[in-house]
Amino acid sequence: MPSVEIPSFVKANLKHLVLADSDFDKPGDIDLLLGADIFHSIYNGQRLEVGPGLPVALHSVFGWVITGRLDAECSPPAETSTLLASTAALDNVVKRFWEVEEPPKQTIVNPENEKCEQIYTDLVRRNEDGRYVVPMLLKEEHEQLGDSHRTALSRLHNLEKRFLHHEDLKHDYGEFMQEYQDLHHMHQIEPSDTDFRYLIPHHCVIRPDSTSTRLRVVFDASAKTSSGISLNDIVYTGPKLQNDIVDIITKFRLHKVVFTADVSKMYRNIELRPEDRKYQHILWRSSTCDEVREYELKTVTYGVSSSPFLAIRTLHQLANDHGASWPEAASILRHDTFMDDVTAGAPSVEAALNLKDGIINLLNCENDTEFLENLAKRLPSYTAAEMQMVQRPSQCASG
């Protein structure tokens, strides 16, 4: 019963008693457990103390029973018991059982998303300046668009009425449109009455807190034509390629040295195929004294539902085409870019500068000297040596 052997002097002090267990001083197994409900039937109340610090003897129907505590030196050594249970093997067995019973897993792909990727892959190309030229993701069997001229003209007149009360708005809007023409992102056309085209109404969004673009013209490709169908109704939206902003911010916080940048005019640095530009016409005049003119937008345009996919997919295409030369920069474009906002980092300042150079060189594979001139204006803090490096002709400039 005791967990350790009791010193012999304890039993010697109790040798004159008729003990219920003559081997009480030796460790052993428990033979019988008796409940407390028969306690009073076993003991008759006699008690014998044999010495200070020693157990006491209680008289029972079985004989004298030794009970109580011993001094510290007689106590058993402290022990710590740890139970370790591993179910790894069992888990693996159960997992294999369910895997055998389950049908093979298949990734369900949206057929429209596959179609968008196929259209892009088949028709994307590079022009003589190295810019990407992409297709509009038109649905194969789409309803015919109706007349859009009346709506576009009405919206232009409403915009001009607003200009009468906001001279600054008129000035900024005119500058935006003039820049569109100066950068050859749109050009005036003389449409024929027999030519089909879709005229996109436009309006502006004002961001007073923006340091780069206070006013942005937005093209409303969801405007219905006379048939009740809009341009956005007959184009695919495309799969979501945008990275999760939470993942981007989390990874951004892991770097010791970080920097951010944005791809200047990301949409407008990607051209639309000439045969698809008839769907991107607008009406505009800088003054109510002038005649209303029709223009054709040559680049990927805000407001068209397929534009986000085309822009991000082209950024990925650039990384695929030239990522072997700048693998770290290509990874940033694929995984650490949210639309046109680039977030990057490195363990040191030197590594961050090298990464910055790689990103610029990789993007230089797509853009011409006009973009680099704009870059110089946007980044006045660049040193002369850095700008000379950026403006060197890229080996990928020819596409």
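Me: A nonpolar core is a set of buried Ala, Val, Leu, Ile, Met, Phe, Trp, Tyr and Cys residues joined through side-chain atoms within 4.5 Å. Which residues have the most contacts inside the largest nonpolar core?

Reply: This is a predicted model, in which local features need pLDDT of at least 70 and side-chain atom pairs count only at pLDDT 80 or more, while totals for chains, interfaces and linings use all residues. Residues are numbered from 1 along each chain as its sequence is written, and side-chain values use heavy atoms, with hydrogens and water left out. Buried means under 20% relative accessible area, exposed over 50%, and partly exposed in between (1.4 Å probe, protein chains only). The largest nonpolar core has 66 residues, and those with the most contacts inside it are Tyr173 and Leu231.

Me: Which element gives the largest share of this core?

Reply: Helices (H or I, at least four residues) and strands (E, at least two) are DSSP runs, numbered from the N terminus. The largest share of the core is seven residues, and these come from H8.

Me: Which residues does tyrosine 173 touch, leaving out those up to four places away in sequence?

Reply: A contact here means heavy atoms within 4.5 Å. By that rule, tyrosine 173 touches Leu159, Phe163, His202, His203, Cys204, Leu215, Val217 and Trp284.

Me: How many residues of H8 are buried?

Reply: Helix H8 covers residues 307–322 and reaches 23 Å from its first C-alpha to its last. That is close to the 22 Å expected at 1.5 Å a residue, the expected span being 1.5 Å times one less than the number of residues. H8 is mostly covered, and of its 16 residues the buried ones number 13.

Me: Is histidine 316 buried or exposed?

Reply: Histidine 316 is placed in helix H8. Not counting residues up to four places away in sequence, histidine 316 touches Leu241, Leu333 and Arg334. The relative accessible area of histidine 316 is 16%, so this residue counts as buried.

Me: How are helices H9 and H10 oriented to each other?

Reply: Two packed helices are described by the angle between their axes and the distance between the axes. Axes are lines fitted to C-alpha atoms, for helices over the stretch in contact, and angles run from 0 to 180 degrees between N-to-C directions. The axes of H9 (residues 327–335) and H10 (residues 349–364) come within 8 Å and cross at roughly 75°. Angles under 35 degrees count as roughly parallel, over 145 as roughly antiparallel, 65 to 115 as roughly perpendicular and the rest as oblique, and H9 and H10 are therefore roughly perpendicular.

Me: Which residues of H10 meet H9?

Reply: The H9 side of this contact consists of Glu328, Ala329, Ala330, Ile332 and Leu333. In H10 they meet Leu355, Gly358, Ile359, Leu362 and Leu363.

Me: Is leucine 353 buried or partly exposed?

Reply: Leucine 353 is found in helix H10. The C-alpha atoms of leucine 353 and phenylalanine 259 are separated by 9.5 Å, although these residues are 94 apart along the chain. At 39% relative accessibility, leucine 353 counts as partly exposed.

Me: What is the phi of lysine 265?

Reply: Most residues other than glycine have a negative phi. Lysine 265 lies in the loop between strand S9 (257–262) and strand S10 (271–272). With 26% relative accessibility, lysine 265 counts as partly exposed. Lysine 265 is not a glycine, yet its phi is positive, at about 50°.

Me: What is the phi of methionine 339?

Reply: Methionine 339 sits in the loop between strand S13 (337–338) and strand S14 (341–346). Methionine 339 is buried, with a relative accessible area of 18%. Its phi is a positive value in a residue other than glycine, near 55°.

Me: How far apart in space are phenylalanine 24 and isoleucine 66?

Reply: Phenylalanine 24 lies in the loop between helix H1 (8–12) and helix H2 (39–42). Phenylalanine 24 is buried, with a relative accessible area of 11%. In sequence, phenylalanine 24 and isoleucine 66 are 42 residues apart, while in space their C-alpha to C-alpha distance is 7.6 Å.
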